[in-house]
Amino acid sequence: MNLPPFVLHQPLTIDEAVATFAQHPGEADWLAGGTDLLPNYKWRLNAKPHVISLHRVEGLRDLTPTHIGAMVTLRELEGSAELQARLPVIPATARQVASVLLRASGTLGGNLMLENRCFYFNQSEHWRRSWEPCMKAEGDRCHVVPQQELCYATFSSDMAGTLCALDATAQLLGPQAGREVPLQELYLFDGIRRHARTPGELLIGVRLPECAPTWRTGYRKLRLRGSWDFPELGVAISIQIVDGALSRLRIVLNALEQAPRSLDSVTKPYVGGPLSDQAIEELAAASFERARPYRNTSFPPHYRRKMVPVFVRDLLRHLRDS
Amino acid sequence: MSRHGAHHPRSVVGKRMPLVDARRKVTGSGVYTEDIYLPNMLVARILRSTQHHARIISIDTTEAIEVPGVAAVITGAEYPNKFGVIPISKDETALATEKVVYVGDVVCAIAGSDLYAVEEALAKVKVAYEPLPAYHKPEESLEEVPEKIHPLGIGKTNIHRMVDQDFGDIEQAKRSAAITARGRFTFQGVTHGFTEPHAVVARYEVDGRLTVWTATQVPHYVHRALSEVLGIQMHRIRVVKPMVGGGFGGKSDPFPHEMAAAILSMRTGRPVKLVFDREEVFLTNHGRHPTSTRMEMTASEDGKLTGLDIEALIDGGAWSSFGVISTYYNGVLSVAPYDIPNFRYKGRRVFTNKPPSGAMRGHGAVNSRFAAETLVDMIANELGIDPIQLRLRNLIPPYTDTVNHFRITSNGIAECLEVVRKASDWDSRHGNLPYGEGLGIGCGFYISGSALPIHWDPARFPQSTVHIKIDMDGGVTVHTGAAEIGQGSDTVAAQVVAEVLGLPTSMIHVKAQDTDLAPVDLGSYSSRVTFMMGNAARRAAEQVRDELTAAAARLTGYAAELFTLEDGTAHCRSRPAVQVPYMRVLHEAIADRGALVAKGCYRSPPMGGSFKGAAAGLAPAYSFSAYVAHVRVEPQSGFVHCDKVWAAHDCGKALNPLAVEGQIEGSIHMGLGQVLSEGMRYHKGQLLNPSLLDYKIPTPFEMPDVEVFIVESDDPEGPFGAKEAGEGPLLPILPAVGNAIFDAVGVRVFDLPITPDRLLKAIEEQGAADATATSSKQGSTATGRTKRGYVAGGATDEPGPALSRNQR
Ligand SMILES: Cc1cc2nc3c(=O)[nH]c(=O)nc-3n(C[C@H](O)[C@H](O)[C@H](O)COP(=O)(O)OP(=O)(O)OC[C@H]3O[C@@H](n4cnc5c(N)ncnc54)[C@H](O)[C@@H]3O)c2cc1C
Ligand code: SF4
């Protein structure tokens, strides 16, 4: 399969990158490791005539426990001794993404901005022509939830689950200004729009709270094979227990819907109380209730949903007892 | 020692050695079809059908041909000659002529200077279709329909082939049985997943000769089909097989793209290359048939198997391919390794508007084997007899005939069973492991080369011929038509010749790729190459050996019979001091006569019954195997981890134990895919997962530790006693895993693949059933969960229970 023709831009600074993008409104894409963008381009999925590579851009490769640049590769996250010592959940999550080869190219920024996925979307042109393209590609209806106007393509980034659970903040820079938003708020439950971000806004990196290393945070991923399968459910949980009581509890369900979902209304009543076996069972059951997978990945949705309480229970117990 | 007068200890055969082309593979220097670049070469792509079943009203290519860089556009109308691998079911044309029969069918092909031009042109071809009713469910294809998929359908149906065989008295066996186990099994279609996509380069030359380089398992069939379709005599066509990146049955048919590339080259007078992308490989498929199998097995109270009744409905997809044979194999290859006196088989193969099914490693035998081994296990469990013990009681002995007249020669199945039983510590562990952990056993039986060649006159032509040439330089050139496809056939040829001539394999140069040079061999399928080509190579080498020993006799004055060739030297057996170096002997042998040339050939002996279909499944020898698998099941999620396999395979004699181990390990990897994760999934006939990401071939993470035990039963007719090791080793792993899951959690799933969601559902259903049950056969385990037998899915929709016992 060959790539569609496009103009490749290779800016050297962040400002130049943002300015270049601004010159091609609606006609450009950012390129980081390319492990997500280029396969989609080969399938002619919303390919643009201008591609702006971030490879030569300086200032996107910071790697500390409080700040990670967008161009840090997943392999670098995996191998970082500092993260391993202070926030081991980040290397542990990175290690579960895709495969070694893909992680060598794949970046954190690309992972967080990953295109959403769906059985009816991630297919070749020939396939889409013989079925009927959906509205996320060149068509006008959805094959997953036909009655709806919304796209339910699944957001399948592993890192996003963990970083949302860690209360990460996204740093964005647009042609007019820069801003910081909680990562969780960046995502939209809309498989086509996906982000509360203008396309020309560049993700510079993520900031992590100073106190994050004092929390206990974990990530569980559901996939059929031990390598390169996208998550079909990701559960990220971050807790802190002070004097036998939960001072913090965040449960993020990932890779079920169009965006990671933080179960704050479910977890809120438990903050301040003990993480008893009963609390764990209740949280597992409540998570199951909130889980809404769609039929557009490999495992059937009922199974992915059934695994939610299993993962939540296991992970909560593990974090509590570790 | 084998009966093949090896009069000195073997120096090459039986030794572990890397395949002769291994270095080229691992360094990337090997030349595959895609690596071929010829001057002035064009590239081509195919326009494929977007319709499941439709009449072609018109194909408008006027705009396509105008695209700059485009050299030729072809459609099917001009090449109506049919081809197909089986002579009685030729149904394919180079490109679609009147109808398309599945999404992916070949409609038009375009050659141009570069892919961008070609793809732009493909997008400009306008095809007008009249959609026809499409049939995707095999059950629907049993019925009469207004518009058959193609004329080969029987009557007004889409049934391709019906096989009905009946030996002994199965009804009587059922009436008198103490116990009957039954199940309805379903198998999703699986595909080969070879590394190298299909690729072809065609060059038509001014002198009217056509050369086709293609990734194929059977150059000879491509050769024939090209001749038929293009209307060119065979001698004006040359087929070359470069290195092939795996086939597993998926490259054993001649294919439309090979014809299309040839036609495009004839049109343009320029070489044309056509390489598939992965989706095209999935659509071209020819993988294992999606199958539903209903099977019943009967036994006496003491565990003697008395009857086997099989009904299989196999989904052939759009074309015939090897389907006639597949239909037979789904039944008849279940007659051993157990001695079952009453056997009935009803097989139906149907056409559907889906990617065609065909031959895949373990052709026809894999699905039925899973079913049969599951039923054996159910019977053992119900009778309270150890499953290995029960198998041992029922084995067919060596040198006997099966109920359907297969001639069994060497047979090491008993040893296979004993070896894995001991190695896995079966007797103390099976049935006694904690909940969630289990051991399972599965056996296998497979042909070592189909005795009935396709496209051939068995009474006259050999199935394999090998030529050998040795000139002054001493190097030995071996010409064979057997196709090296990664399985190691070049190495077999080199080893056999080296052994006979007492030379190192580095002096043997195997040329196995060119129909201009190689004598005909029927190719790499049905696990025939080691047996048939190996015998032909041995015979050719023995002629050369005789010339060399005669020369040694002339040089020394001792009788030729006294000489053996070893370590590059002719040794006189009666006078150890008399030794002549190989080169001297050789030069004596070729003095005044020129290079030594010799040929050897092989044809399987007459055998088998005389009833309809008697030849299907006949082979000059059969391989046997037994595996034990250890699994851990996560009862909360239904995940199965197969972490250890003890694999015993009777290959007669391992010419190269390293290669045999490789075949066994690869088979386990492939079989694990089918039993646990792989499946071609369709939604309304549309293939949902035509990519290696979504089609779940196991990764190295899923690969268990494998301990291989090679059992050598020394076949009297195999080369140095060898039989096959290419396909048989696939069979036992599937049921071994299924039976191990039962040992782990007391649940059987009859629908493959046993994905976590399916197994979890079965475990939950079992839990619900347990809650109401009063007693449990195996009792509770340490975890408090029971391992009581529970059969999920298929078996429960049968009339009557999955297991029934007659009251007496
Ligand atoms: C076979 C396969 C398996 C995979 N498995 C997994 C998996 O298990 N888990 C998983 O999470 N991912 C998986 N991936 C997806 C992908 O490889 C990784 O997510 C990777 O980290 C993406 O990073 P990248 O740098 O390659 O992204 P790119 O492909 O370069 O970019 C991805 C998207 O993000 C945008 N983007 C990139 N950088 C920025 C930025 N700084 N600012 C704004 N937008 C930006 C791009 O425009 C593009 O739309 C898999 C991919 C493949 C091909
Ligand atoms: S969810 Fe619907 S609209 Fe979105 S990608 Fe899938 S089929 Fe298309």
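This report describes two ligand sites and several secondary-structure elements of a predicted model.

## Basis of the model

The model is predicted, with local features requiring pLDDT of at least 70 and side-chain atom pairs counting only at pLDDT 80 or more, whereas totals for chains, interfaces and linings use all residues. Residues are numbered from 1 along each chain as its sequence is written, chains are lettered from A and ligands numbered from 1 in the order in which they are written, and side-chain values use heavy atoms, with hydrogens and water left out.

## Ligand 1

Ligand 1 is placed between chains A and B. Its shell holds 33 residues, of which A:Trp30, A:Gly33, A:Gly34, A:Thr35 and A:Thr107 come nearest; a residue is near a molecule or strand if one of its heavy atoms lies within 4 Å of it. By class, this shell comprises 18 nonpolar, ten polar and five charged residues. In this classification, Ala, Val, Leu, Ile, Met, Phe, Trp, Tyr, Cys and Pro are nonpolar, Asp, Glu, Lys and Arg are charged, and the others, Gly among them, are polar. Strand E2 (28-31), helix H7 (108-112) and strand E7 (202-207) of chain A each contribute at least two residues to the shell, and H7(A) gives the largest share, with three residues. Helices (H or I, at least four residues) and strands (E, at least two) are DSSP runs, numbered from the N terminus.

Polar contacts are pairs of N or O atoms within 3.5 Å; within protein, one must be able to donate a hydrogen and the other to accept it, and residues adjacent in sequence count only if both atoms are side-chain atoms. An oxygen atom of ligand 1 lies 2.7 Å from a backbone N or O atom of A:Gly34. A distance of 2.7 Å also separates an oxygen atom of the ligand from an N or O atom in the side chain of A:Thr107. For A:Leu203, a polar backbone atom is 3.0 Å from a nitrogen atom of ligand 1. The ligand taken alone exposes 970 Å², and the protein buries 95% of that area. Accessible areas come from the Shrake-Rupley method with a 1.4 Å probe; for residues, only the protein chains shown count as cover.

## Ligand 2

The residues surrounding ligand 2 include A:Cys118, A:Cys134, A:Cys142 and A:Cys151. Also among them are A:Tyr120, A:Phe121, A:Lys136 and A:His143. This shell divides into ten nonpolar residues, one polar and one charged.

## Helix H9 of chain A

At the start of the helix, a side-chain oxygen of A:Ser157 comes to within 3.5 Å of the backbone nitrogen of A:Met159. After H9(A) comes A:Asp167, which has a positive phi near 60°.

## Strands of chain B

An open sheet of three strands has the order E4-E2-E6 in chain B, with antiparallel pairing. Strand E4 (99-100) and strand E6 (126-131) are at its edges with a single partner strand each, so one side of each is left without a neighbour in the sheet. Two strands pair if DSSP finds at least two bridges between them. Strand E2 (residues 54-60) is joined to E4(B) by two bridges, and B:Arg55 stands opposite B:Lys99.

Strand E1 (residues 42-48) of chain B has six of its seven residues buried, so it is largely enclosed by the rest of the structure. Three bridges connect E1(B) in parallel to strand E12 (residues 272-275), where B:Leu274 is the bridge partner of B:Ala44. Six antiparallel bridges connect E1(B) to strand E5 (residues 106-112); there B:Val106 is the bridge partner of B:Arg48. In strand E18 (residues 437-447) of chain B, ten of the eleven residues are buried, so this strand too is largely enclosed by the rest of the structure. E18(B) pairs with strand E26 (residues 622-634) in the antiparallel sense over eleven bridges, and B:Glu437 stands opposite B:Arg632.

## The loop residue B:Ser357

B:Ser357 belongs to the loop between strand E15 (342-350) and helix H9 (366-383) of chain B. B:Ser357 counts as buried because its relative accessibility is 1%. Its side chain has a polar atom 2.8 Å from the backbone oxygen of B:Asp315. The C-alpha atoms of B:Ser357 and B:Gly287 are 4.9 Å apart in space, while the residues are 70 apart in sequence. Leaving aside neighbours within four places in sequence, the contacts (heavy atoms within 4.5 Å) of B:Ser357 include B:His286, B:Arg288, B:Ser321 and B:Arg349.

Conventions
Buried means under 20% relative accessible area, exposed over 50%, partly exposed in between (1.4 Å probe, protein chains only).
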